[in-house]
Amino acid sequence: MNMQICRFNGSRLGVIRDGALHDVTAALAVLPADPWPAPLGDPLIRSLPAVQSAIADILPDAPRIKLDAVRLDSPVARPANILGAPANYELHIEESKADAEIAASGPIRSIGELGLFLKASTSLVGFGDGITVRFPERRTDHEAEFVVVIGRTADAVNEEAALDYVAGYTLGLDVTLRGSEERSFRKSIDSYTVAGPWLVTSDELTDPSAVPFTLSVNGVLRQDANTRDLIYGVRQLIALASSFYVLHPGDLIFTGAPVGVGEIRPGDEIVLASPHIGEGRVAVRATSNGK
């Protein structure tokens, strides 16, 4: 059953339908109790078919809630791995070469040379959590991205079979502190990986090769992209990632930032949208650590 599934208010499960959220938290009862040590990956995504079946049974009578009345969390709570694709749009490569602050970490190379990078799972938040700028004295940039959610264990899969391992798709922000430090270090700050607003299951979004998405800051359009322009498409990214690592249910692959990355500051509001996924707002806040 094709669905748009969200997590909200910390521990609740919802389905987005007709512009409203339907509370289907009762479907979580089908999740098995994890043994100790718990298996790698996200329990909800691992059991997604069973959860969807339970949702189908309870959805007709599920309570309806206004979207603006809840806090949207990341649709995946516990990914084992978050992978990023650097320099995966040609126009972004060109803008990076022309921007001294983006190029401060070293020569700009394409994904074919760089491969993928890892982000700390502790950096993951939902749209409702927002971004907390850790170093306001330095430049922090937004990078809108299309995000793949792995649905089952994937080990050295080929491109032809790659989509069989996908649970669904979401949107994301790969927030980046500019500087000379290692890429993963600057991109793994708490709240610098944003996913949402919800998960669109792969039986609803069947073709990830031509998905448009946009990012605006304070009402001004900054990024207007389409996955058809990816250098490495979704199939190739899954094959590459699984050739180096075993991927687990709930693992996230951020597919790369298109042209138009730019600075964000506390007080900004980001809107990330796609007609194939949905639209959500992300607040940018100041740190409370005294910096």
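In strand 16, Ala225 is the bridge partner of Phe213. The structure described here is a predicted model, in which local features need pLDDT of at least 70 and side-chain atom pairs count only at pLDDT 80 or more, while totals for chains, interfaces and linings use all residues. Residues are numbered from 1 along each chain as its sequence is written, and side-chain values use heavy atoms, with hydrogens and water left out.

Helices (H or I, at least four residues) and strands (E, at least two) are DSSP runs, numbered from the N terminus, and two strands pair if DSSP finds at least two bridges between them. The hairpin of strand 15 and strand 16 has 2 residues between the strands, and Asn218 takes a positive phi near 55° there. As a reminder, strands of a sheet pair through backbone hydrogen bonds, either parallel or antiparallel.

Stepping back to the sheet, 5 strands form an open arrangement in the order 9-20-19-15-16, with mixed pairing. Strand 9 (131-133) and strand 16 (220-226) are the edge strands, each pairing on one side only. On average, neighbouring strands of this sheet are turned by 20° against each other, direction ignored; for such angles, axes are lines fitted to C-alpha atoms (for helices over the stretch in contact), and angles run from 0 to 180 degrees between N-to-C directions.

Next come the charged side chains. How many salt bridges does a search of the whole structure find? The search gives 16, where a salt bridge is a side-chain nitrogen of Lys or Arg within 4 Å of a carboxyl oxygen of Asp or Glu. One of them joins Arg12 to Asp23, with the closest N and O atoms 2.9 Å apart. Arg12 lies in strand 2 (residues 12-17) and Asp23 in strand 3 (residues 20-23), so this pair ties together parts that are 11 residues apart in sequence. Arg12 is partly exposed at 36% relative accessibility, whereas Asp23 is buried at 12%; buried means under 20% relative accessible area, exposed over 50%, and partly exposed in between (1.4 Å probe, protein chains only).

Another salt bridge connects Asp129 and Arg71, whose closest N and O atoms are 3.7 Å apart. This pair links distant parts of the chain, 58 residues apart: Asp129 sits in the loop between strand 8 (124-126) and strand 9, and Arg71 in the loop between strand 4 (64-65) and strand 5 (72-73). Asp129 is partly exposed at 29% relative accessible area, and Arg71 is partly exposed at 34%.

In the salt bridge of Lys119 with Asp174, the closest N and O atoms are 2.5 Å apart. Lys119 belongs to strand 7 (residues 117-119) and Asp174 to strand 12 (residues 166-174), a link between distant parts of the chain, 55 residues apart. Both Lys119 and Asp174 are buried. They also take part in a network of salt bridges whose members include Asp99, Glu101 and Arg139.

Lys119 has a ring contact as well: its charged end sits over the ring of Phe254, 5.9 Å from the centre. A charge counts as sitting over a ring if NZ of Lys or CZ of Arg is within 6 Å of the ring centre and within 35 degrees of the ring normal. Arg138 likewise lies over the face of Phe135, at 6.0 Å from the ring centre.

Finally, the structure holds 2 aromatic pairs. Rings of Phe, Tyr and Trp (its six-membered ring) pair if their centres lie within 6.5 Å; planes under 30 degrees apart count as stacked, over 60 as edge-to-face and the rest as tilted. The rings of Phe146 and Tyr169 are stacked because their centres are 5.2 Å apart and their planes stand at 20°. Phe146 lies in strand 11 (residues 144-150) and Tyr169 in strand 12, 23 residues apart. Phe146 is buried at 0% relative accessible area, and Tyr169 is buried at 1%. The rings of Phe244 and Tyr245, with centres 6.4 Å apart and planes at 50°, form a tilted pair. Phe244 is exposed at 64% relative accessibility, while Tyr245 is partly exposed at 33%.
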